[in-house]
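Here is a short briefing on one structure. The points are grouped by topic.

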Amino acid sequence: MADPAVAAIPVKECGEPLVDVRTAAPALRVAEDLHDALGAFALLREGVLQRLLVAQESLPDGLRLQFVEGYRPPGLQRRYFEGYTDELRAAHPHWDAARLHQAASRYVSPPEIAPHSAGGAVDLTLVTAEGDEVDMGTPIDASPEESDGACYTAAPDLTPAARTHRRVLNAALTAAGLVNYPTEWWHWSYGDRYWALATGAEHALYGPKERDGQ
């Protein structure tokens, strides 16, 4: 995400609203372990949500998507980024500011270009039809340091089950028009700057969005 090519992508905001996946898409399972007081985590741009529902329909019998987090207000994104940067600074006191920014960007998007703050990104996983978790190789939000790189979508040395489940998730979401951020197997987006760069689109559809402006 720190690549200047991402920040250079122009944004032509389409004005699409944020919708609450809990009420707009009851067929989509929502994880119970991440909630904020205002419910921002459950918001997503309408076009992204529709693509998730298409992806879910294409999954093999016995598997469903589980939504974990969508929209992230810009202020919260900034706190996440600065917090992770502080962790890296403590672990690597000899790194300069540029290296810290680049390393932090592998795991947390810089606030000015963050897909979550545009409402265009979603963190999700696969579960069984009964809601039980399946082997994906790492928990959602595992950092490169703590997972020894297993959070990377194409990481080697995964169990056969984890590799299969990632392949199923990738196929469904890619066919629905979303793109993956390869450092995080769970992170997918549509309409944001990173999506535009990955797909060759001339501009992003969604820019950073304050919730009150929806």
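Buried means under 20% relative accessible area, exposed over 50% and partly exposed in between, with a 1.4 Å probe and protein chains only. Helices (H or I, at least four residues) and strands (E, at least two) are DSSP runs, numbered from the N terminus. Eight of the eight residues of β5 are buried, so β5 is largely enclosed by the rest of the structure.

This is a predicted model: local features need pLDDT of at least 70, side-chain atom pairs count only at pLDDT 80 or more, and totals for chains, interfaces and linings use all residues. Residues are numbered from 1 along each chain as its sequence is written, and side-chain values use heavy atoms, leaving out hydrogens and water.

- Ala121, Asp123, Thr125 and Val127 point one way from β5. Val122, Leu124, Leu126 and Thr128 point the other way, and all are buried.
- Two strands pair if DSSP finds at least two bridges between them.
- β4 and β5 run antiparallel, joined by six bridges. Gln66 stands opposite Thr125 of β5.
- β5 and β7 also run antiparallel, with three bridges. Ser189 in β7 is the bridge partner of Ala121.

**Helix α6**

- The expected span of a helix is 1.5 Å times one less than its number of residues.
- α6 has 16 residues (160–175), so it should span 22 Å; its end C-alpha atoms lie 23 Å apart, which agrees.
- Ala162, His165, Arg166, Leu169, Ala172 and Leu173 are buried in α6. They cover an arc of only 135° around the axis, so they sit on the same side of α6. The arc is that of the directions from the helix axis to the C-beta atoms.
- Pro160, Arg167 and Ala175 are exposed on the other side of α6.
- The cover over the buried residues of α6 includes α3 (46–57), β4 (63–69), β5 (121–128) and β7 (187–189).

**Two buried loop residues**

- Contact means heavy atoms within 4.5 Å.
- Asp192 is in the loop between β7 and α7 (193–199). Asp192 is buried, at 1% relative accessible area.
- Not counting residues up to four places away in sequence, Asp192 touches Pro115, Gly120, Ala204 and Tyr206.
- Thr183 is in the loop between β6 (179–180) and β7. Thr183 is buried, at 7% relative accessible area.
- Leaving aside neighbours within four places in sequence, Thr183 contacts Arg106, Pro144, Cys151 and Tyr152.
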